[in-house]
Amino acid sequence: MSAVLRLAAAVAVLNLIPGVTAAGARPIATGDGVAPADDPLTRPMALDMAGEWLAPVPPQRVFGRSYLVGFGGLSVALIDTGAGLILIDAALPQAAPAILANVRKLGFDPKDIKFILSTEPHYDHSGGIPALVRATGAVVVASVQAAEGLRAGRHAASDPQHGYGGAWPAVARVRTVRDGERVTLGRTAITAHATPGHTMGSMSWSWNACEGRKCRQIVFASSLNPVSAPGYRFTAPSSAPILKGFAASYRGMEALKCDILISAHPDNAGSGRYASGPGACRRYVERSRRLLAKRLASERKRP
Ligand SMILES: [Zn+2]
């Protein structure tokens with residue numbers, strides 16, 4: 001989630017008051033029948049950031065039968081397993097219709113989406129999930145701790161961004177997986193990697209994508225941004241689990257086989273929509289490590 005969140009959270013709250021919509025809000029076609037005039041599942045939020053996050057880009061093949069169906073500033077991945085589709089992340093609530101449209105542009109039927117895997121319970125990555133579940137019937141999969149946030153549609157108490165408050169569409173049912181567990185569909189297996197820190201429930205996902213005999217390990221990395229709501233201190237004793245989480249995530253991600261890196265926020269992995277080549281995940285870790293060290297140093301200067 002971006003650092004510019006106070007306004008976003010305020011807009012989020014505003015948007016959840018019945019009958020009140022933010023400027024520019026209008027009914028959005030879900031692509032599956034007529035949407036209600038004011039659809040709570042796709043009601044626009046985070047209007048200060050939405051233009052940048054949801055910058056339209058065409059759907060794109062990454063490798064084999066793995067695609068990107070998201071936006072210029074938020075990643076959404078689609079994997080065609082041959083026995084159904086898997087989506088990773090869902091961007092903001094209002095993004096759901098565009099994600100469905102991108103899936104169709106690639107020639108797929110959104111009804112074939114069987115699973116939606118979630119990287120973190122923040123509205124910029126999970127806000128669109130309830131609308132996509134409504135359109136597809138997909139099963140949502142997340143870590144045990146992320147599932148609590150997804151079901152609540154709010155920041156967990158342990159979340160460094162808890163202080164922003166706000167709420168977003170909640171996910172009614174979530175299947176939970178633990179670190180190292182796999183989600184399988186057809187002959188495709190996607191492995192869950194716990195990557196706590198940005199949130200305690202953050203999960204990254206990896207799978208093998210093949211073109212003929214050539215295969216690449218793709219990693220869809222959760223955000224590792226060490227950001228918080230105002231007043232939160234990563235150096236506070238109560239933040240120790242978060243720091244331990246970051247350290248474990250760094251170790252885990254550095255050890256991952258990672259030929260292609262898709263970052264939840266693409267600009268955290270470089271300039272393109274994904275990064276490839278040796279060291280992509282290590283560079284991703286390095287960026288977070290550097291930002292966290294800077295943050296800790298600045299907190300220590302202000303006791
Ligand atoms: Zn976030």
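**Entry 1: helix H5**

I looked up helix H5 (residues 129-136) in this predicted model and found that 7 of its 8 residues are buried, so the helix is largely enclosed by the rest of the structure. A residue counts as buried if 20 or more other C-beta atoms lie within 10 Å of its own, as exposed if 12 or fewer do, and as partly exposed in between, with the C-beta atoms placed from the backbone. Helices (H or I, at least four residues) and strands (E, at least two) are DSSP runs, numbered from the N terminus.

I listed the buried residues of H5 as Ile-129, Pro-130, Ala-131, Leu-132, Val-133, Ala-135 and Thr-136. Among the elements that cover them, I noted strand E4 (85-88), helix H3 (96-105) and strand E5 (113-117). After H5 comes Gly-137, with a positive phi near 75 degrees.

I recorded two points on the source. Residues are numbered from 1 along each chain as its sequence is written. The model is predicted: local features need pLDDT of at least 70, side-chain atom pairs count only at pLDDT 80 or more, and totals for chains, interfaces and linings use all residues.

**Entry 2: the sheet beside the helix**

I traced an open sheet of 7 strands in the order E1-E2-E3-E4-E5-E6-E7, with mixed pairing; two strands pair if DSSP finds at least two bridges between them. Strand E1 (60-63) and strand E7 (174-176) stand at the edges with a single partner strand each, so one side of each has no neighbour in the sheet. From one strand to the next, the twist averages 30 degrees. Axes are lines fitted to C-alpha atoms, for helices over the stretch in contact, and angles run from 0 to 180 degrees between N-to-C directions.

How does H5 lie relative to E5? I found H5 across E4, E5 and E6, running at about 170 degrees to E5. Strand E5 is itself mostly covered, with 4 of its 5 residues buried.

E4 and E5 pair in the parallel sense over 4 bridges, and Leu-85 has Ile-113 in E5 as its bridge partner. The chain passes from E4 through H3 to E5 in a right-handed β-α-β crossover; right-handed means that, with the strands pointing away from the viewer, the path from the first strand over the helix to the second runs clockwise. E5 and E6 also run parallel, joined by 3 bridges, and Phe-115 is partnered there by Val-139 in E6.

The largest nonpolar core has 79 residues, of which Leu-87, Ile-99, Ile-116, Leu-132 and Leu-261 touch the most other members. Such a core is a set of buried Ala, Val, Leu, Ile, Met, Phe, Trp, Tyr and Cys residues joined through C-beta atoms within 7 Å. Leaving aside neighbours within four places in sequence, Leu-87 has contacts that include Val-76, Ile-116 and Leu-132; a contact requires C-beta atoms, placed from the backbone, within 7 Å.

I then turned to Gly-127, in the loop between H4 and H5. Is Gly-127 buried or exposed? Gly-127 counts as buried because it has 28 C-beta neighbours inside 10 Å. Its C-alpha atom is separated by 6.0 Å from that of Ala-91, 36 residues apart along the chain.

**Entry 3: confidence**

I noted an average pLDDT of 90, with 88% of the residues scoring at least 70; pLDDT is the predictor's confidence in each residue, from 0 to 100. Over residues 1-31 the pLDDT is below 50.

How values were computed. Two residues are in contact if their C-beta atoms, placed from the backbone, lie within 7 Å.
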